[in-house]
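Please keep the sequence and the structure in view while reading.

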Amino acid sequence: MKATLRTVRLALAEPLRISRSTMTARDAVWFTVEHEGLTGHGETVTSVYYGLNTAELERQLYEAGLDLGHFGDPESALRERPAGNRPPAVTAAVEAALLDLCGKRSGLPVHRLLDAKSARTAPSTPGAPSAPSARTARTIGIVPAQRAAVQARSLADSGFTVIKVKAGAPDPEDDLDRVRAIASAAPRARLLLDPNGAWTSAEALQLLPRYAELDVEAVEQPVAPGDPEALARLAERSPLPLIADEDAVTYEDVRRLAGRVHGVNVKLAKCGGPYEALRIAELIEGSGTELMLGCLTASTLGLAPAVHLADRARWADLDGHLLLADDPWTGIGGADGVVRASELPGLGVRERRVGREDAA
């Protein structure tokens, strides 16, 4: 097998402000595996929060490509899934590329491969599950209430029924005004709130009842990560379901919180790929903690593996590609509020444009 890398710049359609930063663009590194004339693709993106810069991603993926040369075919590499000591985001990109390639070689979409691996349905069985789809949340950043209302109205008109609102402005009343404006502009939309850990526990206890009065459905990571016990204690007293995100990175993180928070936001880039996400989903099943599938801002290529799992989640927050000024891949939709996996072999996505390529 031969691996190649390509690095491109993904610009956002408009700056996305959250409580800890404002993002306008990020780099994506595409990892392509070729074997016997077929190719599989995966993507990972830079993240200041997770300490992933472009050079480090390129180095890690280059080494991963060399490691794949020890395998005779992508199926054996996927069975072994050698993670080494690599960041989960790199492991997820390699796994995505292998799944894409194995799907193309077998003629099966990735969701069928994942069903087979998790012993749900053999890929050759007639009547296997149809391609997953889900209504995705669409994010509105920390913007003035009037601007948020315009965005919410446009999203509702386009078909979105779930809106995620970023919170954590210096003045908490600004956040409340934004949510009121969105609720008024899109009265049928379900609202999720995400302060990205901006509140103290005392602030959360004061603010959560006010958001409950505004019919917010659930709140992600209201308090700073690093003290999951504090988050669990807050969940016991919260009038709203609380979803762990930054405090639920690994399988062990989720194991400690299972049954103690109302949900966990599983992102393939932070847990290590689709198979690890399946392990987490099995871990929390029946615990009272429900699954949210989330994402980083990335292209359709980066989002596609999670979309193939979308029917397993209570909440889908898979809008990262919709935030881009120009998505270089296509194949999962989402502009109408629904992301859909393809029945085409592999990930079912295709590239719209080319970028810079380096051999690995």
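## Aromatic pairs

A search of the whole structure finds three aromatic pairs, where rings of Phe, Tyr and Trp (its six-membered ring) count as a pair if their centres lie within 6.5 Å, with planes under 30 degrees apart called stacked, over 60 edge-to-face and the rest tilted. One of these pairs is formed by W30 and W329, whose ring centres are 5.4 Å apart and whose planes stand at 85°, so the pair is edge-to-face. This pair links distant parts of the chain, since W30 lies in strand β2 (residues 22-35) and W329 in strand β13 (residues 329-330), 299 residues apart. Helices (H or I, at least four residues) and strands (E, at least two) are DSSP runs, numbered from the N terminus. Both W30 and W329 are buried, a term that means under 20% relative accessible area, while exposed means over 50% and partly exposed lies in between (1.4 Å probe, protein chains only).

Y49 and Y50 also form an edge-to-face pair, with 5.0 Å from centre to centre and 90° between the planes. Y49 counts as partly exposed because its relative accessibility is 36%, and Y50 is likewise partly exposed, with a relative accessible area of 28%.

## How the model is to be read

This is a predicted model, in which local features need pLDDT of at least 70 and side-chain atom pairs count only at pLDDT 80 or more, whereas totals for chains, interfaces and linings use all residues. Residues are numbered from 1 along each chain as its sequence is written, and side-chain values use heavy atoms, with hydrogens and water left out.

## Helices α1 and α3

Helix α1 (residues 54-68) packs with α3 at an angle of about 45°, their axes being 10 Å apart; axes are lines fitted to C-alpha atoms, for helices over the stretch in contact, and angles run from 0 to 180 degrees between N-to-C directions. The two helices are therefore oblique to each other, given that angles under 35 degrees count as roughly parallel, over 145 as roughly antiparallel, 65 to 115 as roughly perpendicular and the rest as oblique.

In the contact (heavy atoms within 4.5 Å), L57, Q60, L61, A64 and L68 of α1 meet V90, A93, V94 and L98 of α3. These residues divide into eight nonpolar, one polar and no charged, where Ala, Val, Leu, Ile, Met, Phe, Trp, Tyr, Cys and Pro count as nonpolar, Asp, Glu, Lys and Arg as charged, and the others, Gly among them, as polar.

## Helices α7 and α8

Helix α7 (residues 201-213) and helix α8 (residues 228-237) pack at an angle of about 25°, with 11 Å between their axes, and they are therefore roughly parallel to each other. On the α7 side, S201, A204, L205 and L208 meet A230, L234 and R237 of α8, and the residues of this contact comprise five nonpolar, one polar and one charged.

## Two buried residues

D100 has its place in helix α3 (residues 88-106) and counts as buried because its relative accessibility is 2%. Not counting residues up to four places away in sequence, D100 touches T39, G40, H41, V110, P345, G346, L347 and G348.

V266, found in strand β10 (residues 263-266), counts as buried at 2% relative accessibility. Leaving aside neighbours within four places in sequence, V266 is in contact with C271, A277, I280, L291, M292, L293 and G294.
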